[in-house]
Amino acid sequence: MGKNKEEFMKDREQEMTEIDDNTRRKLIVLSKWLKDYSEPYFDSNEGIVEYRIRMSVNNTLNKIGDYLDEIMFMSNEQI
């Protein structure tokens, strides 16, 4: 007989919390790379629009890294 919704969700949550250690370490490295990402060079031919786009990309990647970092260190209750 099929599982009810509550049993299905409980099983699904169990599967999602069973991330192996290797995957967790890889996600932590990805988070660090995203948080540390920047394009340090300045092109003298770069205009203000290009500069702002580049800075926006940097900020977006850094923010994604912050979010990923927070998620990786949440407890099961927080998730």
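In which helix is Lys-63 found? Lys-63 sits in helix α3, where helices (H or I, at least four residues) are DSSP runs numbered from the N terminus. With a relative accessibility of 41%, Lys-63 counts as partly exposed; the scale used here calls a residue buried under 20% relative accessible area, exposed over 50%, and partly exposed in between (1.4 Å probe, protein chains only). Along the chain, Lys-63 and Glu-6 are 57 residues apart, and their C-alpha atoms are separated by 34 Å.

A word on the model before going further. This is a predicted model, in which local features need pLDDT of at least 70 and side-chain atom pairs count only at pLDDT 80 or more, while totals for chains, interfaces and linings use all residues. Residues are numbered from 1 along each chain as its sequence is written, and side-chain values use heavy atoms, with hydrogens and water left out.

## Salt bridges

Searching the whole structure turns up three salt bridges, each being a side-chain nitrogen of Lys or Arg within 4 Å of a carboxyl oxygen of Asp or Glu. Here they are side by side:

| Lys-32 | Asp-36 | 2.8 Å |

Let's take them in turn. Lys-32 and Asp-36 both belong to helix α2 (residues 21-36), and because they are four residues apart there, about one helical turn separates them. Asp-36 is partly exposed, at 48% relative accessible area.

What about the pair formed by Glu-46 and Arg-54: buried or exposed? Glu-46 is buried, with 17% relative accessible area, and Arg-54 counts as buried too, at 8%.

## A nonpolar patch

The surface also carries a nonpolar patch formed by Tyr-37, Phe-42, Ile-48, Val-49, Tyr-51, Ile-53 and Val-57, which together have about 670 Å² of accessible area. Patches are made of residues with over 30% relative accessible area and no salt bridge, joining like charges within 9 Å and nonpolar side chains (Val, Leu, Ile, Met, Phe, Trp, Tyr) within 5 Å. The areas come from the Shrake-Rupley method with a 1.4 Å probe; for residues, only the protein chains shown count as cover. One of the patch members, Ile-53, is found in helix α3.

Definitions and conventions: Helix = DSSP H or I, 4+ residues; strand = E, 2+ residues; numbered from the N terminus.
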